[in-house]
Amino acid sequence: MSEAALSGALPHRRRLGEALGGWLLSLPAALSFLLLLLLPTLAAVAMAFTDFELGLWPPAWIGLENFEEMWADRGFRQSFRNTVVYVGLVAPASVLLGLGLALLIEAGARGRAFFRAVFFLPVVSLTVAMAAAWQYLLHPTIGPLNAALRVLGVASPPAWLSSSDWVLLSLASIGVWEQAGFNMVLFMAGLTAIPRELREAASVDGVHSAFARFRLVTWPLLGPTTLFVVTITLIRSVRVFDTVAVLTRGGPNKASEVLLYTMYTEGFTFLRLGYSAAITLVFLVIVLALMLVQTRLLDRRVHYG
Amino acid sequence: MLTRRSLPLIGGALALPGLARAQGAVEITVHYAQPVIFKESYDALAAAFARREPNIRINWITTPNYEEGMQLILRQAATNLTVDLSYQGFNRLRLFAERGIAQDVMPLLRAEGDPAAMGYSPNILALAHFGGFQSGLAYAASNPIMYYNADLVRRAGGNPDAMPTSWDGVFELSRRIKALGGGTEGFWYAWPGDDWMFSALLFGHGGRMLTEDERDVAFAGPEGLGALRLLDRMVKEGGMPNLARDAAQQAFAAGRLGMFFWTTAALRGTMQQVGRNFELRTTVMPVIDPVRGRLPTGGAAGMLIARDPAKREAAWKFLRFSTSAEGTTLMVQNTGYVPTNQLAIDDPRWLGEFYRQNPLFQAATRQANIMIPWYAFPGANSVRVTQTMVDQQARIVEQRATPEQVLADMAAEVRRLLPRPRG
């Protein structure tokens, strides 16, 4: 009898206890998420609608004025345009280069680990330190690149980082160099997940050229990996900041000004935190939109599992 | 990045804390920027000060540059101030004065006697007079000078003992240095960064940034046009390359750049970079207008923040000491800046020997008589204005616009950023 009573009460109590335990266990994570992520984000969102300036108290609620100013601001528009150009250059180039490298290394018989390490080095090295190396490489007068160009007969090689024609292209090349290795590793992981039998089966079925095998078997199966790589590359390139801050400071005449750098100078050099928060909000919307578009549009077409 | 360290100023106070407390020891926090340039000077000052005021203990806070120093103080103003005395760039002082953070030190100075008799001449006081009151005391002053590579000058047929004193002469020599080939460049003028080097060209023509009442720009006239035309000629006639400042410094240190026009504050760093690569020399800036021409003053001023009476008095004592003839002598010997106390400037007993032994440091002092304050723009957009001016100059250096176009655009953009009269 006592057994019957117990079996009746226990599941209920146990379920309650489990739920409570679950809540307790996730409490630290939930709390830190709330305190460290959600609240600051909401504070930044609120700040975007004020004229908050460091050192001037209290800030006033100014509604959409920051966004109106942004719309009319030559600097912001230029910075937005530059970011789009930068992403447009870096994302496709580094995805394709990453894929190419991954395929070559996978196909190669020798030196796999060596090449993998070489191309992955830029990812693990510190961008700021690497920027100093790039500064030397691209130096207009004492840099090896221009010295080589002069030997090849180019009379006045470009000032890579201080000419407004070249600066974005130079920064984009550094961006590609930085990201291609990361993409390569992701693609290699994707490649190893493709069963060798499928390619062999295609061979047996009469697909003889390597390119056709890639197009018919490898590429479709890499779908989920590609989706992930494209998304992460887009987001990583929108976030470009270090190289700009170290190498060009947005110059000359805003030719290399990008969103995050504008946000930084407005907030911390010009002290206009409200306006800076408004730019942050735009940045946040872009990143979220990218993620949404990517997953929504491509999700259906890339699943084979 | 912030480094915090406290100097055990007095062994006695540490060994006998009870005694020190009994005598009313005060602890103050002092901030300064650019320890790379200034650390040795503050260390020397702290040691000398500890002997005079054994009951004042100083905690030091440094920031790598002026900008982060400004952010630090402004952040603290929003929360709770712990810094009692802060050394900030001249051009930022106005911002602190307008935000009610810097205090007027004139009453404190007057209480000690006649400021001029203590070496605070009107010119020196003017360097840190912002927002309508004496918002600080000048600690270290600098002006732009010419650095040059004597070896390159010789190879190009110039005379390193008689460098050109006009811009025409500089352009001529620059062309000859560039003609040496191999990627060698003639000269570079440090126009990017901020408005400081532009003011050297503007003040050199006898111009000024804003009108007396600060309601409108004053650089849009002949002096401003002269300044921008000179920048244009630097590129056209002098063959000035399009370099970022770091790149120019590296090229100079590598012996690939003949002349380099920048602040004397960079002297120590440049000497270290150059090492024994070539013979480094310095001289005064080329003269633009011999009568009306002036030069802007860079550097730092100490600004009093402490409200607590005891801390305020202690912080004032250190500020006063750091800008006295003795203090400024220590500063000059350890940095290469221009002294900011008239007594130390007039009496060779303080620095005469130092300048005899360090001739490179003389260039800046030789033009100290035409130094005027670095102009700081009013209102919330003060820093933004300077960026606008740099951006506009880039159009000339890249030869994308004429000086006339740039002057008109620069004036329009700066007008937009000036505070509008309220009401």
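Reader: In chain A, what share of the contacts with a separation of 6 or more comes from residues 24 or more positions apart?
Author: 69% of them. Two residues are in contact if their C-beta atoms, placed from the backbone, lie within 7 Å. This is a predicted model, where local features need pLDDT of at least 70, side-chain atom pairs count only at pLDDT 80 or more, and totals for chains, interfaces and linings use all residues. Residues are numbered from 1 along each chain as its sequence is written, and chains are lettered from A and ligands numbered from 1 in the order in which they are written.

Reader: How many helices and strands are in chain A?
Author: Chain A has 13 helices and 0 strands. Helices (H or I, at least four residues) and strands (E, at least two) are DSSP runs, numbered from the N terminus.

Reader: Is chain A compact or spread out?
Author: Chain A is more spread out than a compact globule, because its radius of gyration is 26 Å, well over the 19 Å that the globule rule gives for 305 residues. The radius is taken over C-alpha atoms, and the rule is 2.2 Å times the number of residues to the power 0.38. The C-alpha trace of chain A spans about 100 × 75 × 30 Å along its principal axes.

Reader: And what percentage of chain A is buried?
Author: 32% of the 305 residues. Buried takes 20 or more other C-beta atoms within 10 Å of the residue's own, exposed takes 12 or fewer, and partly exposed is in between, with C-beta atoms placed from the backbone.

Reader: Switching to chain B. How many of its residues go into the contact with chain A?
Author: 28 residues from chain B, against 25 residues from chain A. On the chain B side, α4 (66-78), α12 (245-253) and α19 (382-397) each supply at least two residues. The most comes from α4(B), with 6 residues.

Reader: Which classes of residue are on that side?
Author: The side of chain B that touches chain A has 14 nonpolar, 4 polar and 10 charged residues. Ala, Val, Leu, Ile, Met, Phe, Trp, Tyr, Cys and Pro count as nonpolar, Asp, Glu, Lys and Arg as charged, and the others, Gly among them, as polar.

Reader: Into which domains is chain B divided?
Author: Domain 1 (3-142 + 297-366) and domain 2 (144-296 + 375-417), with bounds from an automatic or database domain assignment. Their C-alpha centres lie 30 Å apart. The contact between them takes 18 residues from domain 1 of chain B and 14 residues from domain 2 of chain B. On the domain 1 side, α5(B) has the largest share, 4 residues.

Reader: What about the core, how many residues has the largest nonpolar one?
Author: 182 residues. Such a core is a set of buried Ala, Val, Leu, Ile, Met, Phe, Trp, Tyr and Cys residues joined through C-beta atoms within 7 Å. Helix α7 (residues 167-192) of chain A gives the most to this core, 12 residues.

Reader: What does Leu304(B) touch?
Author: Not counting residues up to four places away in sequence, its partners include Leu85(B), Trp316(B) and Arg312(B).

Reader: Is Arg312(B) buried or partly exposed?
Author: Partly exposed, because it has 19 C-beta neighbours inside 10 Å. Arg312(B) lies in helix α14 (residues 309-322) of chain B. Arg312(B) and Val26(B) are 286 residues apart in sequence and 10.0 Å apart in space, C-alpha to C-alpha.
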